[in-house]
Every structure is written in structure tokens, then in C-alpha cells.
Amino acid sequence: MLSDGLFELLEKAKKDSNLRKKILETRKAKDPELALCELATELGCAVTVGEIYQQGQRYLSDMLDGCLGVSEPFKKWGDTYEQFFASIEGLENQKK
């Protein structure tokens, strides 16, 4: 469910613990989503805040269309930003 830019960034982060730390540091910025996008773009992995938001909304919309009234997906399921960071944190915990 990650955009191409976030997927590329995740692939780079799998091999570079310093990059994972930089990515995690973006969460402390005044505008964390923008800080992540700026870091990604600097590394050649173009991604915008709008793309992150749109990706999550599209995913939720597809989930709602596929539920047929049986159940309703949780809003967090469409949170691309949080899912990206869950992957990064998982990598960090794995490497320890």
C-alpha cells in the first residue's frame, strides 16, 4: 500500500541503520509528514504529503467498497504514514 517513493525509501532503509534513524527523527519535526517527504526527496525517492494522504484514502475507499456491509474497516488501516513507520520501527527492532 506504500507509494513508489515510500517503498523506495523503505528499501534503502532496510540496508542503512543511519537512514532509519534519520527517518525516525522526522517524527519530531514541527511538520513530520513534510519532513519525511523532504528527506525522501533528497534521497531520490520523490513523495509528497498529498500522495501519502491520497494513498491512504484510496485504500480505505477500496476496503469500504469490498466490505458489502459485513464489517467496516478501521480508519487506521488507511494511514499510509503510520504503516510506513511501523515498517521502519519493525526493521529497527529486528536489527537489535
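Q: Which residues do ring pairs link into a cluster?
A: Ring pairs link Tyr81, Phe84 and Phe85 into a cluster. The model is a predicted one. The count of aromatic pairs comes to two.

Q: What makes the pair of Phe84 and Phe85 edge-to-face?
A: Planes over 60 degrees apart count as edge-to-face. Here there are 85 degrees between the planes. So the pair is edge-to-face.

Q: Are Phe84 and Phe85 buried or exposed?
A: Phe84 is buried. Phe85 is buried too.

Q: Why is Cys37 called buried?
A: Buried means under 20% relative accessible area. Cys37 has 4%. So Cys37 is buried.

Q: What makes Cys45 count as buried?
A: The cut-off is again under 20%. Cys45 has 0% relative accessibility. Cys45 therefore counts as buried.

Q: How many disulfides are counted?
A: The count comes to zero disulfides. A disulfide is a covalent bond between the sulfur atoms of two cysteines. To be counted here, a pair of cysteine sulfur atoms must lie within 2.5 Å.

Q: Which residues of helix 2 are buried?
A: Helix 2 covers residues 17-25. Its buried residues include Leu19, Arg20 and Ile23.

Q: How do you know that the buried residues line one face of helix 2?
A: Look down the axis of helix 2. The buried residues fall within an arc of 105 degrees, so they line one face. On the other side, Asn18 and Lys22 are exposed.

Q: What makes Asp16 a cap of helix 2?
A: A side-chain oxygen of Asp16 lies 3.0 Å from the backbone nitrogen of Asn18. The cut-off for a polar contact is 3.5 Å. The distance of 3.0 Å is within that cut-off, and Asp16 caps the N-terminal end of helix 2.

Q: Which elements make up the chain?
A: The chain has five helices and zero strands. From the N terminus on, the elements run α-α-α-α-α.

Q: What share of the chain is buried?
A: Buried residues make up 33% of the 96 residues. The accessible surface comes to about 6300 Å². Carbon and sulfur atoms hold 52% of that surface.

Terms used
Residues numbered from 1 in each chain as written. Predicted model: local features only at pLDDT ≥ 70, side-chain atom pairs only at ≥ 80, totals over all residues. Heavy atoms only, no water. Buried < 20%, exposed > 50% of the residue type's maximum accessible area, 1.4 Å probe, protein only. Helix = DSSP H or I, 4+ residues; strand = E, 2+ residues; numbered from the N terminus. Areas by Shrake-Rupley, 256 points an atom, 1.4 Å probe, with all protein chains shown as cover. Arc of directions from axis to C-beta. Polar contact = N/O pair within 3.5 Å; in protein donor to acceptor, adjacent residues only side chain to side chain. Phe/Tyr/Trp six-rings, centres within 6.5 Å; stacked < 30°, edge-to-face > 60°.
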